[in-house]
Amino acid sequence: MPSSRKLLVVGAFIFGIIIVIGSILLIEFFDNTLKNIQTTLKVVKLPFIGILPKVFITHGKVDIKPVYKRLFELIFREINQNIRVSKKPKTKIISIISTRKHEGKTIVSGNLARQLKKEQKSVVVFNYRKNYLQFKYKKKYILNKVFGYSDPRSDYNNPILANPSTYLENNEYLTYESKEDGFEVDKYKEFIDKTIKKSAPEYVIIEHPNLINFNYSIDLLSSSDLIILVCRSNRVWGNADENAISSLKNDEKNKFSFLINGSELNEVEYLLGEIKKNQSLFRKRIKNLFRLQFNSSNKI
């Protein structure tokens, strides 16, 4: 019957919308990755110091350089607020740690040192390995290009992901040896004095091996003015992660903060507001429609 056909079409349309919205809500409900600041605050239970987006191949739609520049300015501001400024000249030690490998500590350490140099600060970075891990490109995502979405592959040609040794001087980027059963050199003073003879820098950034597979130096972390835990946004925080930092959270809680690395670009808008993108007028209108922002561009 024609009347029944119309009713079935309308019912199927409404049912399809309910299925799509229900699926999205279900995925969001069970997604317990460290995808944003609010989730990580509840799970990790540490003070927040910063968030960094993944450097995608974006086909020129978003200029990531000013976004990273502003985010590191905010991180530097948080560092100054967390570190006690003494009247006497004192080298400030920042330890960069993670519970697992491939969390992005080297990129964070290098770019943080680059930001400190822009602020006219002297800095030395200590890395526990000599070789910088360079990953290869994955397969091409043709559908993303067809529908105009960002290429989800990392842009390893971007200067942000460059080896820190390419933009730091030889006396600013140094390495120390570490073993699975602990450090060959435990105390900060013992290995920094070997390389810095004339005057201590204003900042020293020490990158530590991951805490699950390596033993960390208690003396070294205790002598740090600030400990930054780097967490990759697309993974789940488990019991092994919590156990790895439980003693540090109890002993060094006053100088412990976390940083989310490799987040989606829209999560960064929590701090910076809406990021400017080269989108068509149609896409902008659709986006405002879903956000119920019909007159947001009107001037007061």
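Me: What does the accessible surface of the protein come to, and what percentage of it belongs to carbon and sulfur atoms?

Reply: This is a predicted model, in which local features need pLDDT of at least 70 and side-chain atom pairs count only at pLDDT 80 or more, while totals for chains, interfaces and linings use all residues. Residues are numbered from 1 along each chain as its sequence is written, and side-chain values use heavy atoms, with hydrogens and water left out. Accessible areas come from the Shrake-Rupley method with a 1.4 Å probe, and for residues only the protein chains shown count as cover. Here the accessible surface is about 18,900 Å², and 56% of that belongs to carbon and sulfur atoms.

Me: How many helices and strands does the protein have?

Reply: Helices (H or I, at least four residues) and strands (E, at least two) are DSSP runs, numbered from the N terminus. The protein has 10 helices and 11 strands.

Me: At what angle do helix 3 and helix 4 pack?

Reply: Axes are lines fitted to C-alpha atoms, for helices over the stretch in contact, and angles run from 0 to 180 degrees between N-to-C directions. Helix 3 packs against helix 4 (residues 105-118) at about 80 degrees, the axes being 10 Å apart. Angles of 65 to 115 degrees count as roughly perpendicular, which makes helix 3 roughly perpendicular to helix 4.

Notes: Angles under 35 degrees count as roughly parallel, over 145 as roughly antiparallel, 65 to 115 as roughly perpendicular and the rest as oblique.
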